[in-house]
Amino acid sequence: MLFRSFFVPATINYLLTLEAETLVDDFLSEEGKHRYIIEDDESTRPGRIAAFMRKLLGLDAGCVIRFGRPLDCLGNRVDDEGTSHDARGHAVDPVSYVTDADGKVGPDAARDAQYTRELGEAIVAAYRRDTVAMATHLVASCAFDKLREGMGRRADIFSMLRQHDDVLVSRAELADRVERLRDRARDLEAAEGIVLGPRLARASGRDILDEALRAFSGYHTSAVLEPRGDSLLLVDTRLIFYYQNRLAAHGLATEPPGWREPTGKAARIALGSRAPAP
């Protein structure tokens with residue numbers, strides 16, 4: 001008797017991230033070739049964990065878990081009856097993929113490695129498709145773009161991150177930017193390229209901005225965006241960069257150092273046009 005395995009991709013999407021400061025420091029130190037050890041990991045301190053949970057529970061939709069479409073072990077989509085379907089929607093028998101010319105099922109290292117790669121690519125594509133864009137991601141993306149404009153499009157990412165306490169953006173301008181970015185994300189959602197968080201599809205840019213500011217306020221050890229009259233000061237550029245990174249793979253944010261758009265088969269899978277296996 002043959003037993004089938006199914007894979008259900010899932011994304012866990014947070015309005016806030018518990019260990020954001022440590023994660024972004026680790027990433028930047030590696031990319032910047034600076035070697036140092038972060039001794040104070042906030043995700044291991046009981047007080048920080050308690051503060052995170054209090055903040056998360058006090059927010060609407062602070063965490064969204066999204067389950068994707070089930071896949072078989074070859075990366076084909078599976079319907080409610082457990083039947084596999086190829087990219088053209090035709091029902092296929094996964095056993096036929098691993099059956100040799102004599103009709104026997106057996107191992108083949110090269111074939112199995114290729115199918116494993118294809119399953120991995122399908123899971124990565126599902127991650128991209130089922131990422132949920134939250135208010136903090138949209139606002140951080142627009143704030144970082146404002147910082148980038150002030151430095152010039154060719155500015156080194158690390159030079160940009162060193163800009164502290166001197167970049168202001170008006171609330172009205174930032175809200176307008178957020179609304180326009182949300183509209184781009186909504187178009188992408190219609191093409192199954194991302195998912196907008198709860199209520200964001202019809203919210204105004206100012207409402208999205210206010211939600212992000214409420215989330216940032218009072219949790220991180222340093223302010224992320226700080227009010228200055230009718231404007232906001234971009235205080236912690238590292239955290240702004242961190243939160244906007246969630247949208248980088250979707251073309252809605254600045255690409256982090258070393259990030260490259262997938263090409264070839266990986267790109268076709270990301271766009272949902274996976275060719276059927278032989």
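## Close-up views of a predicted model

View 1. Arg199 sits in the loop between strand 10 and helix 7, with helices (H or I, at least four residues) and strands (E, at least two) taken as DSSP runs and numbered from the N terminus. This is a predicted model, where local features need pLDDT of at least 70 and side-chain atom pairs count only at pLDDT 80 or more, while totals for chains, interfaces and linings use all residues. Residues are numbered from 1 along each chain as its sequence is written, and side-chain values use heavy atoms, with hydrogens and water left out. Arg199 isn't a glycine, yet its phi is positive, at about 75 degrees. Glu192, not a glycine either, has a positive phi of about 60 degrees. For background, most residues other than glycine have a negative phi. Look for Glu192 in the loop between helix 6 (171-190) and strand 10 (195-196). With a relative accessible area of 45%, Glu192 is partly exposed; buried means under 20%, exposed over 50%, and partly exposed in between (1.4 Å probe, protein chains only).

**View 2. Helix 4 crossing helix 7.** Helix 4 (residues 135-151) and helix 7 (residues 205-216) pack with their axes 8 Å apart and at an angle of about 100 degrees. The axes are lines fitted to C-alpha atoms, for helices over the stretch in contact, and angles run from 0 to 180 degrees between N-to-C directions. That angle makes helix 4 roughly perpendicular to helix 7 (65 to 115 degrees; under 35 is roughly parallel, over 145 roughly antiparallel, and the rest oblique). On the helix 4 side, the contact (heavy atoms within 4.5 Å) uses Ala135, Thr136, Leu138 and Val139. Helix 7 brings in Ile208, Leu209, Glu211, Ala212, Ala215 and Phe216. Sorted by class, that's eight nonpolar residues, one polar and one charged. Here Ala, Val, Leu, Ile, Met, Phe, Trp, Tyr, Cys and Pro count as nonpolar, Asp, Glu, Lys and Arg as charged, and the others, Gly among them, as polar.

**View 3. The ring cluster of Phe216, Tyr242 and Tyr243.** Ring pairs link these three residues into a cluster. Rings of Phe, Tyr and Trp (its six-membered ring) pair if their centres lie within 6.5 Å; planes under 30 degrees apart are stacked, over 60 edge-to-face, and the rest tilted. The model has three aromatic pairs by this rule. In one of them, Phe216 and Tyr243 have ring centres 5.2 Å apart and planes at 70 degrees, so the pair is edge-to-face. Phe216 belongs to helix 7 and Tyr243 to helix 8 (residues 237-244), so this pair ties together parts that are 27 residues apart in sequence. Tyr242 and Tyr243 also pair edge-to-face, with centres 5.2 Å apart and planes at 90 degrees. Phe216 is buried, and Tyr243 is too, at a relative accessible area of 2%.

**View 4. Asp130 and its contacts.** Asp130 is in helix 3 (residues 109-130) and is buried, with a relative accessible area of 6%. Leaving aside neighbours within four places in sequence, Asp130 touches Thr11, Asn13, Arg66, Gly68 and Val195. The C-alpha atoms of Asp130 and Ile194 are 5.7 Å apart, although 64 residues separate the two along the chain.

**View 5. Cys73 and Cys142.** Cys73 is partly exposed, at 40% relative accessibility, whereas Cys142 is buried, at 6%. The disulfide count is zero, going by a pair of cysteine sulfur atoms within 2.5 Å.
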